[in-house]
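Reader: Please take a close look at one part of this model. Keep it brisk, and give the cut-offs as you go.

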Amino acid sequence: MQIDGGDMATLSYGRVDLRAGSYSRNGMLHQCPRKYELEQKFRMSSQEPSVTFSFGHMVGRGVQSLAEGKSKERAIFDAMLEWDMDIYEPGTMSEQRALKSFWWGIHAIQQVWELEQDPRTSFLDGWEVAMLPDNEGNLHSGVELEFRIDCGADEQWEQSADYDPSKPAPHFLYEGHIDLLVINKEHTKLRVVELKTNSSNQLDPAQYQNSSQASGYAVLVDRAAQYYGIESAYEVLYIVFMTKLQEWRSLPFLRTFKHRIEFLLNIMADKKLVQLYNHRDFDHWPMNGSACFDFFRPCRHLDTCMMSRPSLMALSKNAPLSFEEDDNFGPFRFTIEELMQTQQDRAISFIERVE
């Protein structure tokens with residue numbers, strides 16, 4: 001569950017380096033390349049435990065448990081386990097104004113449970129958690145699914161600032177996870193559910209409409225569609241808890257083949273951008289000053305950003321990490337070539353049907 005501009009309080013990635021991307025990390029690359037270098041190369045994560053992160057995970061887990069058919073009491077229990085701070089932690093002033101706390105989180109889950117009891121207000125009525133097989137044929141429930149895309153080797157490895165002749169050219173990766181994948185009770189239609197919290201006073205479709213995050217989930221939707229033997233067109237439903245208003249709202253968006261292609265092209269464009277910044281003849285990661293104050297607080301790297309690379313290297317050795325690397329990350333693995341081929345085959349099939 002993404003929460004007001006951040007990912008999980010404790011991040012789990014398969015790899016953490018300049019050539020490992022994700023929705024949030026690629027967003028960081030565009031927001032401030034220097035921050036990307038600090039976190040990906042020097043492994044100086046900016047994620048810290050906070051009420052916002054804990055609140056988002058807590059509320060998201062509660063909704064996921066309800067989608068799995070669990071009772072209100074079990075959903076609240078599951079949600080409580082996601083809170084990784086003192087339950088009486090008040091948070092910052094902005095978090096207090098946004099009504100984010102352990103107790104407000106429980107209240108949010110109680111609210112959504114009440115909505116789910118009436119088909120007229122339910123977000124999930126008529127839907128169930130989908131199942132899909134991984135690369136080894138093992139079935140997985142459509143909750144917190146992790147995937148990895150191999151975007152190919154670094155073709156400019158020998159011209160890279162971090163080139164090591166004793167090592168083979170490293171591959172670029174794109175890693176992601178999906179909050180919830182559901183299928184209707186008739187098993188004819190798939191839907192991606194994105195769980196969000198929002199501390200604004202209004203909800204505008206433009207906040208989520210063109211997000212590439214949901215477009216990337218097509219790789220898993222296609223796998224599920226193949227398993228169920230149905231069309232892979234899908235809708236993304238954003239279920240958003242407006243914290244200040246204490247209201248649950250939803251926004252549906254359709255994802256087309258065009259969105260799939262754009263997602264793949266975008267991550268390949270990001271690969272080229274990293275290669276540019278990391279080229280030995282350029283070797284510069286621009287700092288974007290407008291990102292030094294973001295989400296109501298200064299960037300954690302504000303006082304270290306201008307340090308020399310030797311100093312940063314020494315500092316990073318003792319810096320506490322708020323992420324975990326996992327070689328087994330993502331039971332669903334793809335290559336960029338096979339994904340592009342799938343879209344090409346689908347386009348040819350569509351043209352043939354039209355003709």
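**Cysteines, and the strands and helices**

Author: The sulfur of Cys292 lies 6.4 Å from the closest cysteine sulfur, that of Cys32, so the gap is too far for a bond. A disulfide here needs two cysteine sulfur atoms within 2.5 Å. By that rule, the count is zero disulfides.

The model is predicted: local features need pLDDT of at least 70, side-chain atom pairs need pLDDT 80 or more, and totals for chains, interfaces and linings use all residues. Residues are numbered from 1 along each chain as its sequence is written, and side-chain values use heavy atoms, without hydrogens or water.

Cys292 is partly exposed, at 22% relative accessible area. Cys151 is buried, at 4%. Buried means under 20%, exposed over 50%, and partly exposed in between (1.4 Å probe, protein chains only).

Now the strands. They are DSSP E runs of at least two residues, and helices are H or I runs of at least four, numbered from the N terminus. Pairing takes at least two DSSP bridges. Strand β7 (residues 143-153) pairs antiparallel with β8 (residues 171-184) over eight bridges. Leu145 has Ile178 of β8 as its bridge partner. β7 also runs parallel to β15 (residues 332-335), joined by four bridges. There, Asp150 is partnered by Thr335 of β15.

Last, a helix pair. α4 (residues 72-80) packs against α6 (residues 102-116) at about 150°, with axes 10 Å apart. Hence α4 is roughly antiparallel to α6 (over 145 degrees). The contact (heavy atoms within 4.5 Å) includes Ile76 and Met80 of α4, and Ile109 and Trp113 of α6.

Conventions:
Axes fitted to C-alpha atoms, helices over the stretch in contact; angles between N-to-C directions. Parallel < 35°, antiparallel > 145°, perpendicular 65-115°, else oblique.
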